[in-house]
Amino acid sequence: MATISYAEYRAMRRFPALDGLRAIAAVIVVAFHFGGPRWTWLSGWVGVQLFFVLSGFLITTLMLREEESRGRVSLRSFYVRRIFRILPVYLVVLAATYALAHLNGASARLRESMPYYLLMVNEFAPNSAFLHSWTIAIEWKFYLVWPLLAFAFVTAAFFRRIAVTVLAIAALVALIPFEKDWPYWPIHYVSILVGCLLAVVMHHPRGYALFRPLTHPVTSVAVLAGFVAVHLSLSYWPPAEDGHSELMVAVYAVAVALLLPAMLTPGLPTKLLSWRPLVFVGERSYSLYLVQYLAMTAVIALVPSYAGHSTRLFVATTVVGLLAADLLYRWVEQPMIRVGRRFSGRGKVVPPVPPAEPPSPAQPPTSELPGRTVHPTPVLTLGGDRR
């Protein structure tokens, strides 16, 4: 048994264990919303933070590899792919939510918040008609700003990119005491940026060396056990108003960041998280997250008695939500992703070329040399998320 080398890491086109993590995150969020007190031990309220760290890590890794293989990141292509990845399913579910509200005579509440939902400032909407979509709005604004901050203003500079990321995290943390109208929103961006920071560090050969010990098969089991212990210790809800919840989220984001390198190795944790049913759910986790309230409404309409039984409601909502998510995945998500690739000029996947091992300490790392690098590794799919 051995650790994963830098060359092996850079040659990876998929991180299959991450689909399993997405699946778990999506299901525990549904459990938090509909499972009642019996399921609080799953700590479902922090499930969205797992999504946030994963998004920051994956998006930044993809952009770093594109920059290295092509010389720069095409912001136009990035934004086109994001639009076709995020908006089609979001708008379909929003329209279905409005239609259902209209049939129930409750569309006025949704109309009041519709400008917020269409402008992707969902977290500030005046009512909760579609409030769980606030997480999509957080990620959307991150997608708009992060590429400009880290790849337009700071190009191919490892230490400057690290500095920008750390400063952004510090600025958001400094905003937390002053945010009164909608508390906690800065900490969500901190979670995403923790994933971004991990990606930047691991992209550099010397930075990757810091995390390489975590990729040993035996160590990965210990890391996963430690992460589970941290996760289950955060079952506390509702979060305190004294800053305690922000600290909990920050600790959890760091725990996720330490978990991700350990999930690269083909050991027991990766095999468990790559289990096909988990991968199936993980690939549909975005749609499952969006349709969960519609699924809950359908379940109660079909079996009214489930409204008073939290476990049955949670399980049935998950099953119905997965059925709807599968349809959305097949008929909306995947076709629109392919359209986005065509419009962005990224319809063809180029096979990766493994990079060389890092140079000796006496030589400067190749990623710091001027001009185009010699490590063309265009990674277009990581962990099942068709970016």
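**Entry 1: a nonpolar patch.** W41, V228 and L232 make a nonpolar patch of about 270 Å². This is a predicted model, so I note the patch as computed. I placed W41 in the loop between α2 (17–34) and α3 (47–70). I then checked its cover. W41 is partly exposed, because its relative accessibility of 47% falls between the 20% and 50% limits.

**Entry 2: aromatic pairs.** I counted rings next. The structure has 18 aromatic pairs. I picked out W39 and F314, which pair edge-to-face, with 5.0 Å from centre to centre and 65° between the planes. W39 is in the loop between α2 and α3, while F314 belongs to helix α15 (residues 310–344), so this pair ties together parts 275 residues apart in sequence. I compared the cover of each partner. W39 is partly exposed at 21% relative accessibility. F314 is buried at 7%.

Entry 3: R161 has its charged end over the ring of F151, 4.3 Å from the centre.

**Entry 4: V281.** I turned to helix α13 (residues 276–283), where V281 lies. Is V281 buried or exposed? I have it as buried, with a relative accessible area of 11%. Leaving out residues up to four places away in sequence, V281 touches A23, V27, L288 and L322.

Technical notes
Residues are numbered from 1 along each chain as its sequence is written. This is a predicted model: local features need pLDDT of at least 70, side-chain atom pairs count only at pLDDT 80 or more; totals for chains, interfaces and linings use all residues. Side-chain values use heavy atoms; hydrogens and water are left out. Patches are made of residues with over 30% relative accessible area and no salt bridge: like charges are joined within 9 Å, nonpolar side chains (Val, Leu, Ile, Met, Phe, Trp, Tyr) within 5 Å. Accessible areas come from the Shrake-Rupley method with a 1.4 Å probe; for residues, only the protein chains shown count as cover. A salt bridge is a side-chain nitrogen of Lys or Arg within 4 Å of a carboxyl oxygen of Asp or Glu. Helices (H or I, at least four residues) and strands (E, at least two) are DSSP runs, numbered from the N terminus. Buried means under 20% relative accessible area, exposed over 50%, partly exposed in between (1.4 Å probe, protein chains only). Contact means heavy atoms within 4.5 Å. Rings of Phe, Tyr and Trp (its six-membered ring) pair if their centres lie within 6.5 Å; planes under 30 degrees apart count as stacked, over 60 as edge-to-face and the rest as tilted. A charge sits over a ring if NZ of Lys or CZ of Arg is within 6 Å of the ring centre and within 35 degrees of the ring normal.
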